[in-house]
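Let's take a walk through this one together. Have the sequence and the model open side by side, and we'll go from one site to the next.

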Amino acid sequence: MHCIQALSFLASCAALAEAAKHQLIVGTFSTKFLYTVEYDDTAETLELVKTTPTDAASSWISFSHDKKNLYGTDWASKNPSFVSYSVSDASTLSFEARLESTSAWVGEKSVFVQASPAAPHAVYGSYFYGNAKCGTVMSVHVNGTLRAVVQDFAYADGSAVHGVAFSTADDDDARYLYSADDNGNSLWVHEIAQGAAAEGTLGTARQRVRWPETGAGPRHLVAHPAGAYVYAVLEGASQVAEVAVVAGSPPQLQPTGRTFPLLRDGDDKADFWADEVALSAPQGRYLWASSRARSTTRRGYISALEVDEATGELGRQLFLAETSSSGGFANAVAPSPFDDGLVALTDNSTGFVEVWRMDGGGAGAAVVAHLDIDDSQGCCANAVWYS
Ligand SMILES: *[C@@H]1O[C@H](CO)[C@@H](O)[C@H](O)[C@H]1NC(C)=O
Ligand SMILES: *[C@@H]1O[C@H](CO)[C@@H](O)[C@H](O)[C@H]1NC(C)=O
């Protein structure tokens, strides 16, 4: 008995030791590198373990459902395009493909890319600046490498979508695409055609929700896995907003009117541009959000809200804390996959990645690790956790 207990104690020690090191991949705005960073959660340190020269400056990166591929925008390319890398491990990334749409409505830059969690795992690209009213659907090979542009679809004149989300994160049930139309001050619902042959293409828009407040600017959104709520970050209003999903085919998005500030009393929202909203993992207990300051002499904000784990309804806003810097064009929060209270935050005003930890009671959060990556302000755009 004694012996078995000792053995299982050793086994759990080994599991803890193994779990202590985590890797992130970080993109850039203008320099052509991907950075692999290691976070040691015992020592609470961040270390640059690999610099991978690439052919793109990816202002936004995201993984395929199985993390075997990394997709990126190319912020610096003349023609907006999307790239894909195969991922053998966090430090072994190899460039595989670049796709470019032929639509005239892709504006000046590719700004967002997200793969569907559901087969056939199509990849959705968004554009910004100029006439960017289009979105692009891309198919992938069996191994996840980008294969071909299969559809360009238009939102509306004046639209420019900065982020999309799927109706649920559930592998088999991502049947609708929700889009945050920042320039068009709207949310959109599109139905994703089912079956492998459809390659993830979209039907005509099923709903456009014009945001009730002028200039609010929904920028990014995330759906709660239970499917009854979506949360949007409003770039212009610097708020997080709760949106109900009224069940049906198609579901209807309906802002509940509940918003939470990403700036303090007395701040002028014109001095800020809110950036990101993301659910914590592994339990989805919190909604993390961040805002950037337009001037590098000001600081941005980071915040977290309670989430009802069963329904997805938002609870209290736990805290609103100043970040270390303005965030530059970034200040993007990236929740870790292993601790609901832990997120990475990126900045390109001086170039760094940080890990922030919420304190036990949720009264605040603080920086526990900081890593400067000075590559002349290319770094750091957003970060994704590999493990
Ligand atoms: C993925 O599949 C495509 C198409 O078969 C192939 O060209 C490419 O080399 C594959 N990539 C990897 C990393 O195996
Ligand atoms: C951050 O990235 C943006 C976008 O490329 C760039 O305009 C800016 O100069 C960079 N640096 C700072 C200090 O914001």
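How far is an oxygen atom of ligand 2 from an N or O atom in the side chain of Trp 75? The distance is 3.0 Å, bearing in mind that this is a predicted model. Another oxygen contact of ligand 2 involves Asn 348, with a polar side-chain atom of that residue 2.2 Å from an oxygen atom of the ligand. On its own the ligand would expose 360 Å², and the protein buries 71% of that.

Together with Phe 29, Phe 128, Tyr 129, Trp 273 and Phe 329, Trp 75 makes up one aromatic cluster. Trp 75 also has Lys 109 over its face, at 4.8 Å from the ring centre. You can find another lysine over a tryptophan face at Trp 105, where Lys 133 lies 3.9 Å from the ring centre.

Now for aromatic rings elsewhere. Searching the whole structure turns up 18 aromatic pairs. One of them is Tyr 85 with Phe 95: their ring centres are 5.8 Å apart and their planes meet at 75°, so this pair counts as edge-to-face. Tyr 85 belongs to strand E6 (residues 81–89) and Phe 95 to strand E7 (residues 92–100), so the contact ties together parts that are 10 residues apart in sequence. Tyr 85 is buried, at a relative accessible area of 1%, whereas Phe 95 is partly exposed, at 38%. An edge-to-face pair also forms between Phe 153 and Tyr 155, with 5.0 Å from centre to centre and 65° between the planes. Both Phe 153 and Tyr 155 are buried.

Let's finish at the other ligand site. Ligand 1 is surrounded by Ser 86, Glu 96, His 141, Asn 143 and Thr 145. The Asn 143 side chain brings an N or O atom to 2.3 Å from an oxygen atom of ligand 1, while a nitrogen atom of the ligand is 3.3 Å from an N or O atom in the side chain of Glu 96. Taken alone, ligand 1 exposes 360 Å², of which the protein buries 41%. Its shell contains no nonpolar residues, four polar ones and one charged one.

Notes
Residues are numbered from 1 along each chain as its sequence is written. Chains are lettered from A and ligands numbered from 1 in the order in which they are written. This is a predicted model: local features need pLDDT of at least 70, side-chain atom pairs count only at pLDDT 80 or more; totals for chains, interfaces and linings use all residues. Side-chain values use heavy atoms; hydrogens and water are left out. A polar contact is a pair of N or O atoms within 3.5 Å; within protein, one must be able to donate a hydrogen and the other to accept it, and residues adjacent in sequence count only if both atoms are side-chain atoms. Accessible areas come from the Shrake-Rupley method with a 1.4 Å probe; for residues, only the protein chains shown count as cover. Rings of Phe, Tyr and Trp (its six-membered ring) pair if their centres lie within 6.5 Å; planes under 30 degrees apart count as stacked, over 60 as edge-to-face and the rest as tilted. Helices (H or I, at least four residues) and strands (E, at least two) are DSSP runs, numbered from the N terminus. Buried means under 20% relative accessible area, exposed over 50%, partly exposed in between (1.4 Å probe, protein chains only). A charge sits over a ring if NZ of Lys or CZ of Arg is within 6 Å of the ring centre and within 35 degrees of the ring normal. A residue is near a molecule or strand if one of its heavy atoms lies within 4 Å of it. Ala, Val, Leu, Ile, Met, Phe, Trp, Tyr, Cys and Pro count as nonpolar, Asp, Glu, Lys and Arg as charged, and the others, Gly among them, as polar.
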